[in-house]
Amino acid sequence: MKIFTSVQIHELDKYTIENEPIKSIELMERAAKTLTQAITEDWSSTAHFIVFAGPGNNGGDALAVARMLLDRNYDVTAYLFNISGHLSEDCATNKKRLIEKRSKALIEVTQEFEPPQLEADTLVIDGLFGSGLNKPLAGGFASLVKYINASPSKVVSIDMPSGLMTEDNTYNVRANIIRADQTLTLQHQKLSFLFPENQVFIGQLKVLDIRLSKEGTDKIDANYTLLEESDIRQRLLPRDPFAHKGKMGNALIIAGSYGMGGASVLATKACLRVGAGRVTTHTPKRNYLIMQIGVPEAVLQFDREETTFSEAVDTEDFNAVGIGPGLGTSEQTAIAIIAQLRRTQCPLVADADAINILANHRAWLQQLPKGIILTPHPKEFDRLEGASSDSFERLMKARDLAERLQAYVLLKGHHTSLCLPDGHIVFNTTGNAGMATAGSGDVLTGIITGLLARGYKQEDACIVGMYLHGLAGDIAARDLGQESVIASDLIQYLPYAFKRVNE
């Protein structure tokens, strides 16, 4: 599913109007009917509805919703803010229609504004500003937002919480953004909805289909994509009925300093669980027992050192390498890691301490092989590329890094984002807060490495891997509860994730 920018949203609206064909006011009426249906499904007519409408098309939507709620015998008062004396054409039309329906239901604000009392049993419908906003709210609108946020009323925002911008809110004024209890967004997710710091403004999110042009949607190129299950299904490689382990890929996992042997266990098990025919784990000698007992299916290759990874190993016989979980950041290990990254010719996943070491030796970034997969969580990425003020800025840095290195940067989070070498960004849609537990990233490293060994291209391995990783977490949370999910559960539930996608 594509995620469009504010400019592209306007472009899609225009394409729909021109090619359906449909008048813009009729398209607004269609959207308002869908919004009204969603509102009446969740909110009873016992509440008093206060509608705040801005002067643009978002305000036009709000006024149309007010009229339709009146048709359903809801108690509605609408405030239209026409401070500049200029309304959009469709907003003006819906103002006229609301007056014709019930003139007393509309209060037009042109100068002084006496705010209504907002009680606990009041439902505020926020239609001040939508996806076209491109600067922080100020003045009277900022004061109104603060007044609404300070009230005990519930708030439903149309398309966007007013004050929140569609993409970049790095320099926004957070105090001047509506804190909605529910956001009814039109047709598509918005980019800013995917960032954790914006969730306080969005509340419960519903994406409403208002039947914008499918042809237009297909024609407009989007830089951002949301994964759907169908995207995964078509990428899965079939398993040859006559396959043997030699045909199913040979993976190497380099992980686990002494005391962090669990990282090598988790990564190795996950690598095996996604179907790799053979997995070799290179780890310090003192991890012998934990690996032999924890993963009897693995082939063990021991470092010359008792407790650390100390020298690069030959990878000629391997189809994929995963390196980094639990390795530590000693200087000896750092030198071994960069030597390993330089000499590895097969597809490569670098995670955890491999990334931390690169952050400590940034000049080494230029020595990374093209096509490398980097899987940092936000703090690891900030160490690598410098602190970011918010998720959007961090995402743009990750995109730039992927383009600069011709790498795949998989930035982990609630909506894990994969930045491709061509600048496109793919967001994952599976996963939950129960996965915020030590070892989850080690499992993901093992999954992606195993898929690479199986023959998946880097892009497909990342996309399929992060989706299955999150889906396993979702199924585990359903059975165990989010509080009780641990990293090894993700491995146990991977088969169910595969089955779900295949079905």
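## A serine in a loop

Let's start with Ser192, found in the loop that runs between strand 7 (182–186) and helix 6 (199–202). Keep in mind as you look around that this is a predicted model.

Is Ser192 buried or exposed? Its relative accessibility is 0%, so Ser192 counts as buried, the cut-off for that label being under 20%. Who are its partners? Setting aside neighbours within four places in sequence, Ser192 touches Met160, Leu164, Met165, Thr166, Glu167, Asn169, Asn198 and Ile202.

## An enclosed space

Rolling a probe the size of a water molecule over the atoms shows where empty space is left. In this model the count is 1 cavity of 30 Å³ or more, and the largest cavity has a volume of about 30 Å³.

Which residues line the largest cavity? They are Glu167, Asp168, Asn169, Phe195, Glu197, Asn198, Asp390 and Phe392. Sorted by type, this lining has 4 charged, 2 polar and 2 nonpolar residues.

## Two helices side by side

Two packed helices are described by the angle between their axes and the distance between the axes. For helix 9 (residues 261–273) and helix 15 (residues 440–454), the angle is about 35° and the axes are 7 Å apart. Their crossing is right-handed.

Helix 9 brings Ala263, Leu266, Ala267, Ala270 and Cys271 to the contact, while helix 15 brings Asp442, Val443, Gly446, Ile447, Thr449 and Gly450. What kinds of residues meet where helix 9 contacts helix 15? The contact has 7 nonpolar, 3 polar and 1 charged.

Conventions:
Residues are numbered from 1 along each chain as its sequence is written. This is a predicted model: local features need pLDDT of at least 70, side-chain atom pairs count only at pLDDT 80 or more; totals for chains, interfaces and linings use all residues. Side-chain values use heavy atoms; hydrogens and water are left out. On a 1 Å grid over the protein atoms alone, a cavity is a set of points where a 1.4 Å probe fits but cannot get out, and a pocket is an open set with protein on both sides within 12 Å along at least five of seven lines; lining residues have an atom within 4 Å of a point. Grid points are joined across faces, edges and corners, and a volume is the space filled by probe spheres set on the points. Ala, Val, Leu, Ile, Met, Phe, Trp, Tyr, Cys and Pro count as nonpolar, Asp, Glu, Lys and Arg as charged, and the others, Gly among them, as polar. Axes are lines fitted to C-alpha atoms, for helices over the stretch in contact, and angles run from 0 to 180 degrees between N-to-C directions. Helices (H or I, at least four residues) and strands (E, at least two) are DSSP runs, numbered from the N terminus. A crossing is left-handed if the near helix is turned anticlockwise from the far one by less than a right angle, and right-handed if clockwise. Contact means heavy atoms within 4.5 Å. Buried means under 20% relative accessible area, exposed over 50%, partly exposed in between (1.4 Å probe, protein chains only).
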